[in-house]
Amino acid sequence: MQFHHHGYVSGDPRVKPAAGVGIDRPSDLPDEIDVLIVGSGPAGMLMAAQLSQYPDVVTRIIERRDGRLVLGQADGIQPRSVETFQAFGFAERIIAEAYNIGYMNFWSPDPADPRNIIRTTRTEDYGYKISEFPHLIVNQARVLDYFAEAAAHGPGRIVPDYGIEFMGLTVHEADSEAAGEYPVEVRLRHTAGERAGEERTVRAKYVAGCDGARSGVREAIGRKHIGGISAHAWGVMDVVVNTDFPDWRTKCAINSEAGNILHIPREGGYLSRMYIDLGEVAQDDNHEVRKTPIETIIAKANAILHPYSIDVREVAWYSVYEVGHRVTDHFDDREAEEDAAPRVFLTGDACHTHSAKAGQGMNVSMQDGWNLAWKLGSVVTGRSPESLLATYSAERQPVAQQLIDFDREWSSLMARKPEEISDPQELANYYLGTAEFPSGFMTRYGPSAIVGDSTHQELASGFPIGKRFKSSQVSLVCDGNVVHLGHHATADGRWRIYAFADAPPPGEASALTEWARWMSSPESPLARHTPAGSDIDAVFDVKVIYQQSHDQVDIMKAPELFRPRTGPLALMDWEKVFAAGPSTWCPTDIFDERGISRDGAVVVVRPDQYVADVLPLAATDELAAFFRQNLVVRQGALVS
């Protein structure tokens, strides 16, 4: 972590100085808001945390509850989400309190006595096999707490406005007199406190519907949930128990003659969650199954676990649901034939719902929120054109459909009867064979204004264009410490440009030297898109990775581009120069590990950690053209 660059810091460096609207933030909702977030779930709170890094954007988040979420229903945290937590500054803390899924075991009927279950397979979990981050279980409420802290400690000082309910909205036509600068008219009602029942209207530039499966924002813009509910019910309960089941603290898929259980230990060492198969639901049930009492669910769990049993000492929470799979027809209010930019957006359960057993809901929702938030921040601050906002629905709707397809298959496999299973290893093989998708690493965005094509992909084959930037260890040249290159990229809204050097070390003529000279010229994106008066790295975080080991690189001979002087004290940044060459503490070489050409390459990464383009060092015109698509030449930019 770097701090002191704006002067000595004696307090918590995670608390950034208030700036912009974060200074003397009004306690009441203003009449005019740049971005109004409706709902403080995972997508909404991540959006608040990200937009707090844009203190010139008036962002407010409303929630009908009168305070923080006490008990969340979601709990599965995939490695991609932990990677996201790292960017927001709280991965280490949440890992410390979470349950780390190290293994998943599978139980089936005993061939010698099918009334009993036996353990048939032990598998290592996929988390550390495909990422440096673990697969966790932690209450959704704690995830929201951490994002709330990040939002409150960011320069924008965003805190939720609790006790305010969304009632409806009207989007005024852009060219109408009623539109003005804030064309979305939003109707609200206070639900708690002295003002309970009071209604008011605010105006917004943009509205993000993060308000769940029964989204009022979705209804207000006329979008439809497409899909249905399957005729199969599950009970879910968070319980503390005494039991003789030996795998109580290991994640398990249990199949027996009496039904199925997905068993997931929870954080804290005692709590566990059980998804209990309640069987097929009659067509004329009319959702009566949802009234199944907890005593029936516990009895069903004991029948499935035979010859083992559980003595439930406390039920923290339980519910009954029928598996549903729905995707909204479009994730914003813009019609396909419209040229106007969208004004209202849907995220999370507001635009996709599915079963909970694949552990995807909260995880995919957070990626919705991050995808949308940095784009809104860029547009409202004038950094990017409004056309950028159309990429949100274009990118996230296909991901939601892939999620629904995966969850439908996983739910069907989990609900099978023993006689329908020909291979006891099939479920374990599916769990491990599809690991990259649920872990969050299969998402790949197609070519657009913010994703290049694959023309030069061979220069960095381990950084697929459109997929998230997969980190690798390198050495900081300034001190020799080994760090993950991707972990230096925090959720601050900046683009990352990684220059992988060709063979010569700094101080010698090279393609990297020429590229750095061009990046410091008036023709470069750095000059064209950085406002005058801003730090040189305000929009772009440019780093270099040399092929040599750290002790073979003279940092003072690296181009000044990689040693910028920033902040009011104009202090040199020592942490933009890295070395790939193996050393005592860094046995790997990122050039080999990620298939990077020894002739060098430029890897461009978006603010949400997705690889935007891969280019040769000599392709300066292409790099400039790429950014002209998604960034505007700022008034008073350095080029002027």
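Pro-307 sits in the loop that runs between α7 (294–305) and β16 (310–328); helices (H or I, at least four residues) and strands (E, at least two) are DSSP runs, numbered from the N terminus. The peptide bond between His-306 and Pro-307 is cis, with omega at about 15 degrees. Most peptide bonds are trans, and most residues other than glycine have a negative phi.

The model is predicted, and local features need pLDDT of at least 70, side-chain atom pairs count only at pLDDT 80 or more, and totals for chains, interfaces and linings use all residues. Residues are numbered from 1 along each chain as its sequence is written, and side-chain values use heavy atoms, with hydrogens and water left out.

Two histidines have a positive phi although neither is a glycine: His-4, at about 80 degrees, and His-287, at about 65 degrees. His-4 belongs to the segment before β1 (32–38), while His-287 is in the loop between β15 (271–280) and α7. Buried means under 20% relative accessible area, exposed over 50%, and partly exposed in between (1.4 Å probe, protein chains only).

| Residue | Relative accessible area | Class |
|---|---|---|
| His-4 | 32% | partly exposed |
| His-287 | 37% | partly exposed |
| Ser-365 | 6% | buried |
| Thr-121 | 9% | buried |
| Phe-441 | 3% | buried |
| Trp-515 | 2% | buried |

Contact means heavy atoms within 4.5 Å. The contact lists in this section leave aside neighbours within four places in sequence.

Ser-365 is part of helix α8 (residues 361–380). The residues that Ser-365 touches are Ala-43, Gly-348, Asp-349 and His-352.

Thr-121 is a residue of strand β6 (residues 113–124). Contacts of Thr-121 are made with Met-104, Asn-105 and Phe-106, and also with Gln-425 and Ala-428.

Phe-441 is placed in the loop between α10 (426–433) and β19 (473–476). Although this residue lies in a loop, Phe-441 is buried at 3%. Its contacts are Pro-79, Arg-80, Glu-83, Ile-130, Ser-131, Glu-436, Lys-467 and Arg-468. Between Phe-441 and Gln-78 there are 9.6 Å in space, C-alpha to C-alpha, and the two are 363 residues apart in sequence.

**Helix α11**

Trp-515 is located in helix α11. Helix α11 covers residues 511–519, and its buried residues are Leu-512, Trp-515, Ala-516, Trp-518 and Met-519. Viewed down the axis of α11, these residues fall within an arc of 160 degrees, so they line one face of the helix; the arc is that of the directions from the helix axis to the C-beta atoms. The cover over the buried residues of α11 includes the strands β21 (495–500), β22 (540–546) and β26 (601–605), along with the helices α12 (525–529) and α14 (620–630).

For Trp-515 itself, the contacts are Ile-497, Ala-499, Val-542, Leu-561, Phe-562, Val-602, Leu-617, Thr-620 and Leu-623. Leu-617 is 102 residues from Trp-515 along the chain, and their C-alpha atoms are separated by 6.0 Å.

**The chain as a whole**

The chain contains 14 helices and 27 strands. Its radius of gyration is 26 Å, close to the 26 Å that the globule rule gives for 640 residues, so the chain is as compact as a globular protein of that length. The radius of gyration is taken over C-alpha atoms, and the globule rule is 2.2 Å times the number of residues to the power 0.38. Taken along the principal axes, the C-alpha atoms fill a box of roughly 75 × 65 × 50 Å.

Of the 640 residues, 57% count as buried. Among contacts between residues at least 6 apart in sequence, 73% join residues at least 24 apart.

The chain exposes about 25800 Å², of which carbon and sulfur atoms supply 49%. Accessible areas come from the Shrake-Rupley method with a 1.4 Å probe, and for residues only the protein chains shown count as cover.

There are 61 positive and 89 negative side chains, and the centres of the two sets lie 2 Å apart. Lys and Arg count as positive and Asp and Glu as negative, while His and the chain ends are not counted. The place of a charge is taken as NZ of Lys, CZ of Arg, CG of Asp or CD of Glu.
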